[in-house]
Amino acid sequence: MDVSNQFKQVFKFFDLNNDGKISQMELTNVLLIFGQDKSKATIEAQGILKEIDFNGDGFIDLDEFMAIMDDSISKPNFPISKEDNIDVNDDVRNAFMVFDSDKNGLISAKELQRVLINLGCSNSKLGQCRKMIQSVDKDGDGFVDFEEFKSMMSIGIK
């Protein structure tokens, strides 16, 4: 799966009601899943929306999302200092732990499905989750380990 298609999959992950746009509530819900407290998640979602909503309609559509993703690849906004990098790795590890519910160091299709259902994607199919896992699974074991997850989270940034 090429980078563009991977970004579209990420967009679908955020677009919980499949209406083709990401609302502030959908952003807030995803941030809550990743461990933010409610008040901070709401404020963060407002800031993200304000930054990315180029056409001012109150939503992030696929074109706006792709523009930001393309921009992040060409101009990565990652910390420079080693101390800041530790914080980023901690955040990525915490996000990984949200998915790895049995704490075995691997994300299975079933675990991914559980998170998607918790995000409100009640029609999430196990087969779709297997395809998502397969698109990130570099060693072909049917799971996403932390290194594969970290790589996915930093696509295009080497």
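Is phenylalanine 96 buried or exposed? Phenylalanine 96 is buried, at a relative accessible area of 1%. Keep that residue in mind for the close-ups below, which come from a predicted model.

**View 1. Seven aromatic pairs turn up when the whole structure is searched.** Here we zoom in on one of them, made by phenylalanine 14 and phenylalanine 65. Their rings are tilted, with 50° between the planes and 6.3 Å from centre to centre. The partners come from distant parts of the chain: phenylalanine 14 belongs to helix α1 (residues 3-14), while phenylalanine 65 belongs to helix α4 (residues 62-74), and 51 residues separate them. Phenylalanine 14 counts as buried because its relative accessibility is 18%, and buried means under 20%. Phenylalanine 65 counts as buried too, with 9%.

**View 2. Ring pairs join up into a cluster of phenylalanines.**

**View 3. Lysine 21 lies over the face of a ring.** The ring in question is that of phenylalanine 59, and lysine 21 is placed 4.5 Å from the ring centre.

**View 4. Asparagine 18 shows a positive phi.** Most residues other than glycine have a negative phi. Asparagine 18 isn't a glycine, yet its phi is near 55°. Look for asparagine 18 in the loop between α1 and β1 (21-22). With a relative accessible area of 52%, asparagine 18 is exposed.

**View 5. Lysine 103 has a positive phi without being a glycine.** The angle is about 55°. You'll spot lysine 103 in the loop that runs between α5 and β3 (106-107). How exposed is it? Lysine 103 is partly exposed, with a relative accessible area of 49%.

Notes. Residues numbered from 1 in each chain as written. Predicted model: local features only at pLDDT ≥ 70, side-chain atom pairs only at ≥ 80, totals over all residues. Heavy atoms only, no water. Phe/Tyr/Trp six-rings, centres within 6.5 Å; stacked < 30°, edge-to-face > 60°. Helix = DSSP H or I, 4+ residues; strand = E, 2+ residues; numbered from the N terminus. Buried < 20%, exposed > 50% of the residue type's maximum accessible area, 1.4 Å probe, protein only. Lys NZ or Arg CZ within 6 Å of the ring centre and 35° of its normal.
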